[in-house]
Amino acid sequence: RNWTTFKRDMATTGFIGLGIMGRGMALNLIKSGQKLIVWNRTAAKCADLVAEGATVVENPADVVAQCDVTYSMLSNPEAAKEVFYGEKGTLAGVSEGKMLVDCATLDPATMSQFHAAVSEKGGQFLEAPVSGSKGPAEQGTLVMMCAGDKAVFEAIEDTGLASVGKAAFYLGEVGRASRMKLAVNMVMGQMMCALSEGITLTDKAGLDTKTFVEILGLGAMACPMYSGKGPAMVDGRFPTQFPLKHQHKDVRLACDLAKEVGAQVPVAEAALEHFTAALPADADADFSAVLNAVKAQAEAK
């Protein structure tokens, strides 16, 4: 295949999964000038993309069949497998030369299975989980971690990947990107739990929690996540940028990976307990709502 011609002409691009992350990514692909064909389990979520010029089809297989490259962004391994292996799912549309780019955060084993199934039908597969939440997805500033067929990475690096992200890393064989993403999101979950414990401690100690967050922002621990979420957290507001149920899933998968490779991650295991406790009340809230569970645990003791 002439990859230079492909990168220049970028015939048709597909996108499967238009949730909190996929919608922003798809809109940025359209803004970059790419002709987009889309599918989503909840069809109503396609409306604003249609208004921007996207074409909606009836099932994932139709997306893949009509496109050179298809991106997928599903919420968890269960949803990803259902859409991938379904009767008219993603895999059903794969034929010689088709390229699939899976941007979800899944376990490495599932990504490897997808890669093998696509390769068997003559297609090519790139796993490309992203670091970033709703805002970066809309702004096109995600960080892409990629692994699998390098030819796909090279074909879309300065077109698709550049449209949705500010950086893209090729990490080697399939599975390595998922492992990297789980490590990144493990640390993010740990940091959010640490901030929640700090806010809870200052509150219980009779200190001003807003001042605590401000002090953190002026020292070596300053970071965009703390400055962006800390002020809202102390006000009891948790507008959803990254759902808590997804953070819980990522920390759980990271802990599973740690057991598989023989790494000790006691801080992550403690964070998983916090997110598990938070799930019943705040699964769909932002992952910063783990603060509610941390506070509840402090009150219970």
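1. Helix axes are lines fitted to C-alpha atoms over the stretch in contact, and the angle between two of them runs from 0 to 180 degrees between N-to-C directions. In this predicted model, the axes of helix α14 (residues 266-282) and helix α15 (residues 290-300) cross at roughly 105° and come within 8 Å. Since angles of 65 to 115 degrees count as roughly perpendicular, α14 is therefore roughly perpendicular to α15.

2. The residues that form this contact can be named on both sides. Helix α14 contributes Glu273, His274, Phe275, Ala277, Ala278 and Asp282, which meet Val290, Asn292, Ala293, Val294 and Gln297 of α15. By class, the contact of α14 with α15 comprises 6 nonpolar, 3 polar and 2 charged residues.

3. The axes of helix α5 (residues 77-85) and helix α6 (residues 108-120) lie 11 Å apart, and the two helices pack at an angle of about 10°. Angles under 35 degrees count as roughly parallel, so α5 is roughly parallel to α6.

4. In the contact of this second pair, Ala80, Lys81, Phe84 and Tyr85 from α5 meet Thr110, Gln113, Phe114, Ala117 and Val118 from α6. The contact of α5 with α6 divides into 6 nonpolar, 2 polar and 1 charged residues.

5. Val101 deserves a separate entry. Leaving aside residues up to four places away in sequence, Val101 touches Val69, Thr70, Tyr71, Ser72, Leu126, Ala128, Val152 and Ile156.

6. For the chain as a whole, the secondary structure comes to 15 helices and 9 strands. The C-alpha trace spans about 65 × 45 × 35 Å along its principal axes. A compact globule of 301 residues would have a radius of gyration near 19 Å, and the 20 Å of the chain agrees with this.

7. Burial and contact range complete the description. Of the 301 residues, 52% count as buried. Among contacts between residues at least 6 apart in sequence, 71% join residues at least 24 apart.

Conventions:
Residues are numbered from 1 along each chain as its sequence is written. This is a predicted model: local features need pLDDT of at least 70, side-chain atom pairs count only at pLDDT 80 or more; totals for chains, interfaces and linings use all residues. Side-chain values use heavy atoms; hydrogens and water are left out. Helices (H or I, at least four residues) and strands (E, at least two) are DSSP runs, numbered from the N terminus. Angles under 35 degrees count as roughly parallel, over 145 as roughly antiparallel, 65 to 115 as roughly perpendicular and the rest as oblique. Contact means heavy atoms within 4.5 Å. Ala, Val, Leu, Ile, Met, Phe, Trp, Tyr, Cys and Pro count as nonpolar, Asp, Glu, Lys and Arg as charged, and the others, Gly among them, as polar. The radius of gyration is taken over C-alpha atoms; the globule rule is 2.2 Å times the number of residues to the power 0.38. Buried means under 20% relative accessible area, exposed over 50%, partly exposed in between (1.4 Å probe, protein chains only).
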